[in-house]
Amino acid sequence: MAQDNTLPARQGTGRMAGGYDPLENVVPGSWWRLSGAFKDLEDRDLPDHGLVLLVHDVRVIDGEIHTIVLREHPRWGEGSYKILLEDFLVNFTFQPDGEALREKELLDLMEEINGITRLLSSPPSDRDLMAALPAPEAPVAPVEAKVPTVLLPSGDVNAAQARIETAIAVMEARRDWVSGHTRDMQSKMALVGSFQKEKVDVALAGISEQRKAAENLLSGVQTMRLFLGEDQDFRTLVEGQGAARSEPLHFMQRMLYLDEELFTHSRLDGLNGDDFNDLPKILSDNPELVSRMLPHPRSVAIAKMRRKTRELDFEINLSNIFEVMNIVEQDRRIQILIRNGDQVHMVTTDEITSKATRLFPSRSEIDHIFTQRDRQGGYRTITPHDIEYSDKRSDHDARALFYKRVLLILWGLSEREGVLGDFIENGSNWLEETVHNKNFTFVHDEEDVLPDGRYPPINRFLDQNRRAVQHGSRLLVQWGNAISEDSAPQMYEKRDRGSSYAYMKNQPVVDFSLTIAQRKDGDIIALCPVTRQSWRSDRDRQFNSPVKLKTTVLSWNKFQDRTSGGFICLDTLKAEDLRHYFNSRIHRENYLEYLHLFDRALTILAREEAELLPIRAGILSRVEVDEEIVDQALHIWRTANRGDVPLTEKEIAKVEELCAFLSVELPELDSDVLYVDATSRRTLEVSRLREVEVFGRKIPVAEVDTMTWGPRVGWRVKAGHVATINTEASPGAFRLQGQAPEHAIQAFEIIHPALRDPASLDILCNGLADEGLETLGRMKSFLGADPDFDVDGLLHEAGDYFSENLRNRESVVVVPVIRQTLGYTLDTHGSSQVLMRISLTVHPDYQALANGSDDALSEFLTDLYQNPERRLSRLKQDLETGRINPSSINVERLGDDVTISRDPSLKGLNFEKENHYSFSIIRQDKEDGFIKKDNFMSGGDIRELIVHRIASHGYYRPPSTIEDMARYMDEIHFMIFPGCAELIEAVSGMSLNTQPAIEVLGEISDEPSPE
């Protein structure tokens, strides 16, 4: 509001000796002659009398001339030159008769045009045009060419050609002569227009000065209107005692939003522009709210009702359009809040003042005006020695005038209404800097609020909190924000097939729930209590429906963890963390998305912390440990017990035992330790970084040593296992030291979800479990027609599976197949991650028939079919014709939510109904099989068939060349369980070639081709 002291210093102008003032004639419309060197003007084609230019504008800053704007000479264009006053006085001299000289130039130009007109009226003769043409090259002696006179009267072909060429040359010369002089006349006529425009500028120069004066008068009139309070609505909200005279007036820079202030103070929602009548009672009943918004006894702040336009709950049409406009106008108008002791006043400003974003400008706002980008990509400061300074200063003055509007409004209110008391002397000019320094204090509460380093921005805080959620974490969920078609698709249903709109068929029973996170198929979920209207009953049916809170999605060929909104993890959260964000105005832009959640969580945490105070004090009185250890023990016990508070003697005793455990000195650890967690089982989990290599990739995991302590033996390693790397300790544990490396977290989060489970990685690295190995041995014996194999027992197991799982579900008999996983393959082509399972599929009835176990098969079919002989005949026919293969190797593309460790076929004999979404690799003839001989590269490499099948399913574009096929094949990585490779080759007739396909292609190309 005052003149900014950070502005560059004024530039002074001197006077020449002899009493002559050169500035006397520096006015718009005056003429000045170039007498020095100014840019490249002296290199131009100048008139005989020299270069005389018109002063188009004079820029004045702080009452002194700063920049001169010269109009370009009419012969060169209609632009302008800017020049600083000092350079102008050195390089130009006043030319009193400049206008007459310009008239003479115009007359000379008109004479040139008249001369061209005269030339065009009497064009030259053909002889003169020929004489003006350049001399022809030395002629070559023509060959005599005579023809009969019947064809050519002269009979001489060369002479006829010469006459025609001469006529053409004369016509072209005449055309060029006319065109040249016409263009010359047109260009000179355009110059005449430029001369005439300069005359107009001369006439307008004086008018522009008068217009500036009129604008100054108009500005003064508008200033008086602001001072007099026109177009303003003033009202007193709270009566009371005024502030002491010694209190200065504090201007609060930040824009306030009344709905946010009211919610964070009183938890009241929905303040809008049509609630003005409620403000007096609200502020009278809540003096702490007044002190929160206007913290000084004599202070001023600007506010709006809402940060964003409210959502209207009615349809907008022509009948209520004016009502809608009035609502929007009320919400966006700026209110000036004035506090004088206990008194609170409010002024609703006019439309122009309501465009403000803060009460007074920020330093960066002013610095930005005087900053310009340079050619090197950096920035430079515009100073009074720069030509651009006058333009920038004009922008600054316009900005300052805008902010002075509020000052003028307050000045007028103080003079008319006395709303600010008698803190300032009567007759003081509120626009003077001395008055500002003595009576005003400008509080930069918008730009001087620096982060303390402890609390990140609200969006990052929420992201970190939600990404750390694990199985067993305690959550507070706001279902209205957490439920969506992505997080809970089962809760939605489309009314019409093909419709893009889906409605919620399940409705949450409550708005908020305190719940425990669970893991389901690699996702973190929470169970939401919902109701659904049943068509069978008038009563709602209540049940729990899962909502995904943390899931993995495939984006740009990479898997990424994503969390939904509407929940917060309470494991490591404290009430003071929420209070910080609750009270911080910096983080409130989208407050409706989280403040209700924070409010409910703050209530829970504050109550629990109050309950813990006497318990904590009692433990400290009985156990000689630091307060920090007690807090750690309470955290471990509570997170292990769903957030409960220890109340019974037994529960408190457990906490005290944890205190004793945590007070033991930690063992000496190597430098490669990532972090150390203490658990509720009174063990230490020491984690080190380990890389597990599967599918040619190194996956970071944590190798955990579980350590126990005893008074005799001290610390010792009890067990070890592999776990995922977590940013926070799991529920029921506390991180004593160390942290997870960010690069490992990021690398782990982009791999396939099926490879994130440590149990799955253990299976891929160590092979099948004992039950899986036993089943694999049985399958090998069965396929090999081992005479000692118990075919009766195997068929009996298949019949039991059918009776228990398929008999009542199928209208026909479906003999279950035996599925045994033999390994996995990962396609990394094009940075993708397509995971596939390789399994052995055996039809027990067909295989028994192929092995010659007729008696066992007949008994099996008799138990299942009404006509077993007919079914046996069909089996024989299928086997003879090759329609069904008793055994095959299948490759199945797995979804993103598959966990390898849950594969049932790894744990024993697995029957299931045959699926149809996998493709089989059966025994094939290399000449006449699926892959033709002319496309054959690798002698039956199973990878080639997988590439062809994936391409045929539309996952990728098929390779167009053999070299591309070889590169693609090299990106098919296998993890085959020990002892299974031979089985795959025996059943499919194709090899699991681990040699790079590019090398195989080279070997094939080096072989001599058959004759």
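In strand β24, Cys569 is the bridge partner of Leu475. Helices and strands here are DSSP runs (H or I over at least four residues for helices, E over at least two for strands), numbered from the N terminus. The structure is a predicted model, in which local features need pLDDT of at least 70 and side-chain atom pairs count only at pLDDT 80 or more, while totals for chains, interfaces and linings use all residues. Residues are numbered from 1 along each chain as its sequence is written, and side-chain values use heavy atoms, with hydrogens and water left out.

Two strands are said to pair if DSSP finds at least two bridges between them. Strand β15 also runs antiparallel to strand β19 (residues 512-516), to which five bridges join it. Within β19, Phe512 stands opposite Gln478.

How much of β15 is buried? Five of the five residues in this strand, which spans 474-478, are buried; the term buried denotes under 20% relative accessible area, exposed over 50%, and partly exposed the range in between, with a 1.4 Å probe and protein chains only. In a regular strand the side chains alternate between the two faces of the sheet. In β15, Arg474, Leu476 and Gln478 point one way, and Leu475 and Val477 point the other way.

We turn next to another sheet. Five strands make up an open, antiparallel sheet in the order β28-β27-β26-β25-β29. Its edge strands are β28 (714-723) and β29 (733-738), each of which pairs on one side only. From one strand to the next, the twist averages 30°; angles run from 0 to 180 degrees between N-to-C directions, and axes are lines fitted to C-alpha atoms, for helices over the stretch in contact. Strand β27 (residues 697-710) is joined to β28 by nine bridges, and the two run antiparallel. Thr706 has Ala719 in β28 as its bridge partner.

Helices accompany this sheet. Helix α17 (residues 649-662) packs on the sheet and touches β25, β26 (684-694), β28 and β29, and its direction makes about 150° with that of β25. Contact here means heavy atoms within 4.5 Å. Helix α19 (residues 758-766) lies across β26, β27 and β28 and runs at about 50° to β26.

Asp677 is found in strand β25 (residues 673-679). Is Asp677 buried or exposed? Asp677 counts as buried because its relative accessibility is 6%. Its side chain makes a polar contact of 2.9 Å with the side chain of Arg735. A polar contact is a pair of N or O atoms within 3.5 Å; within protein, one must be able to donate a hydrogen and the other to accept it, and residues adjacent in sequence count only if both atoms are side-chain atoms. Leaving aside neighbours within four places in sequence, Asp677 is in contact with residues including Thr683, Ala729 and Phe734.

Arg756 lies in the loop between α18 (742-749) and α19. Arg756 is buried because its relative accessible area is 12%. The side chains of Arg756 and Thr552 are joined by a polar contact of 3.4 Å. Not counting residues up to four places away in sequence, Arg756 touches Phe559, Asp561 and Thr724, among others.

The helices also pack against one another. Two packed helices are described by the angle between their axes and the distance between the axes. Helix α16 (residues 627-640) and α17 pack at an angle of about 125°, with their axes 9 Å apart. The two helices α16 and α17 are therefore oblique to each other, where under 35 degrees counts as roughly parallel, over 145 as roughly antiparallel, 65 to 115 as roughly perpendicular and the rest as oblique. Their crossing is right-handed; a crossing is right-handed if the near helix is turned clockwise from the far one by less than a right angle, and left-handed if anticlockwise. Among the residues making the contact are Ile629 and Trp637 of α16 and Val655 and Leu658 of α17.

Helix α14 (residues 575-583) and helix α15 (residues 595-622) pack at about 145°, with axes 9 Å apart. The crossing of α14 and α15 is left-handed.
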